[in-house]
Amino acid sequence: MWRRFAHLSLSISRTKLQSLQDPTVLKLINTFSSDAGNDGVASSRKPFITFVLGGPGSGKGTQCEKIASIFGFAHLSAGELLREEMSSPSENGELIRNVIKEGKIVPSAITISLIKRGINSATSDKILIDGFPRSEENRIAFEKIIGVEPDLVIFFECPEEEMVKRILGRNQGRIDDNMETIRKRLKVFEDLNMPVVEHYSSKGKVHKITATGTVDEIFERVRQVFASLRYLKAFLSF
Ligand SMILES: Nc1ncnc2c1ncn2[C@@H]1O[C@H](COP(=O)(O)OP(=O)(O)O)[C@@H](O)[C@H]1O
Ligand SMILES: O=c1ccn([C@@H]2O[C@H](COP(=O)(O)OP(=O)(O)O)[C@@H](O)[C@H]2O)c(=O)[nH]1
Ligand SMILES: [Mg+2]
């Protein structure tokens, strides 16, 4: 069972922290104080889990790399884990390839087992899960199998034409970075992924980031969210 994250070690009183009146900090106090322990992953300590969502090409991977290097998070890209699995001699390789080529969503059990392995071997207990959950079905399966909800959700909001331009300029030789698959991915994003964003929005967990502008301009918006977290951490030993 994961230890409760922070409640044992508040070095100043909850009342005093609340008097700071910063909505992000208040939200995080509640997050850190809630008991979400479970045996879904093999750790004695509950990791701090951030889901990073946004349409295809919205810049999730680019921003996650910066968050990981500056704030010490482990970065698990669900798409990257699936591409590695697809290229290894795995029994699911062919299935994953076909689903990705069609811009559809790989069965939850496959993706979650890769994510779970990633969490268990991560060297940080602060985890970014990039590009997952992709659907309500993914979300519900994750919460059931891993046994926790995310502590935080970052959502990159980006106009479609900008996402398409970025994907077509990505040049990583991906089987899904072509106009025909991009159209399907955009539709899957709207139909299946946006309900996940709406679900967590209704729980007050989503930080929406405008994902237009330069990488550094966007990161400055992201940095502010994670800086509040670090600010909170100064008061909590976890
Ligand atoms: N702010 C930005 N402006 C222009 N290009 C960007 C920006 N952010 C990322 N890119 C580029 O756009 C492409 C898609 O970004 P990526 O981080 O892979 O997005 P995602 O993981 O959401 O699909 C990459 O080639 C990346 O280098
Ligand atoms: O949890 C996931 C993540 C990705 N994918 C598949 O992998 C593709 C690429 O995902 P990735 O996150 O790498 O794409 P991005 O949004 O970064 O362009 C998606 O279109 C899906 O087909 C999936 O099925 N489940
Ligand atoms: Mg990506």
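1. In what follows, Ala, Val, Leu, Ile, Met, Phe, Trp, Tyr, Cys and Pro count as nonpolar, Asp, Glu, Lys and Arg as charged, and the others, Gly among them, as polar. The shell around ligand 2 divides into seven nonpolar, four polar and eight charged.

2. This is a predicted model, in which local features need pLDDT of at least 70, side-chain atom pairs count only at pLDDT 80 or more, and totals for chains, interfaces and linings use all residues. Residues are numbered from 1 along each chain as its sequence is written, chains are lettered from A and ligands numbered from 1 in the order in which they are written, and side-chain values use heavy atoms, with hydrogens and water left out.

3. Ligand 1 has 13 residues around it (a residue is near if one of its heavy atoms lies within 4 Å). Gly-57, Lys-60, Thr-62, Arg-170 and Gly-213 come nearest. Gly-57 is in the loop between strand 1 (48–54) and helix 3 (helices, H or I with at least four residues, and strands, E with at least two, are DSSP runs numbered from the N terminus).

4. A backbone N or O atom of Gly-213 lies 2.9 Å from a nitrogen atom of ligand 1. A polar backbone atom of Gly-61 is 3.0 Å from an oxygen atom of ligand 1. For Val-215, a polar backbone atom is 3.5 Å from a nitrogen atom of ligand 1. The protein covers 74% of the 560 Å² of accessible area that ligand 1 has on its own (Shrake-Rupley method, 1.4 Å probe).

5. Ligand 1 sits in the largest pocket. A pocket is an open set of points on a 1 Å grid over the protein atoms alone, where a 1.4 Å probe fits, with protein on both sides within 12 Å along at least five of seven lines; lining residues have an atom within 4 Å of a point. A molecule sits in it if more than half of its atoms lie within 2 Å of its grid points. Helix 3 (60–71) and helix 10 (215–233) are the elements that give two or more residues to the shell around ligand 1. Helix 3 gives the most, with three residues.

6. Ligand 2 has 19 residues around it, and Lys-60, Lys-104, Val-106, Arg-134 and Arg-185 come nearest. A polar backbone atom of Lys-104 is 2.6 Å from an oxygen atom of ligand 2. An N or O atom in the side chain of Arg-185 is 2.7 Å from an oxygen atom of ligand 2. For Arg-83, a polar side-chain atom lies 2.9 Å from an oxygen atom of ligand 2. Taken alone, ligand 2 exposes 530 Å², and the protein buries 96% of that.

7. The space taken by ligand 2 is the largest pocket. Helix 4 (residues 78–87) supplies the largest share of the shell around ligand 2, four residues.

8. UniProt, in an unreviewed entry, places the feature "binding site" at Gly-57, Ser-58, Gly-59, Lys-60, Gly-61, Thr-62, Arg-170 and Gly-213 (annotations may be inferred rather than shown by experiment). From this set, the lining of the largest pocket takes in Gly-57, Ser-58, Gly-59, Lys-60, Gly-61, Thr-62 and Arg-170.

9. The unreviewed UniProt entry also places "binding site" at Arg-83, Lys-104, Ile-105, Val-106, Gly-131, Phe-132, Pro-133, Arg-134, Arg-174 and Arg-185. Among these residues, the lining of the largest pocket includes Arg-83, Lys-104, Arg-174 and Arg-185.

10. Two backbone details deserve a check. A cis peptide bond joins Phe-132 and Pro-133, with omega about 0 degrees. Phe-132 is in the loop between strand 3 (126–130) and helix 7 (136–145), and Pro-133 is found in the loop between strand 3 and helix 7. Asn-171, a residue other than glycine, has a positive phi near 55 degrees. Asn-171 is found in the loop between helix 8 (160–168) and helix 9 (179–202).

Definitions and conventions. Polar contact = N/O pair within 3.5 Å; in protein donor to acceptor, adjacent residues only side chain to side chain.
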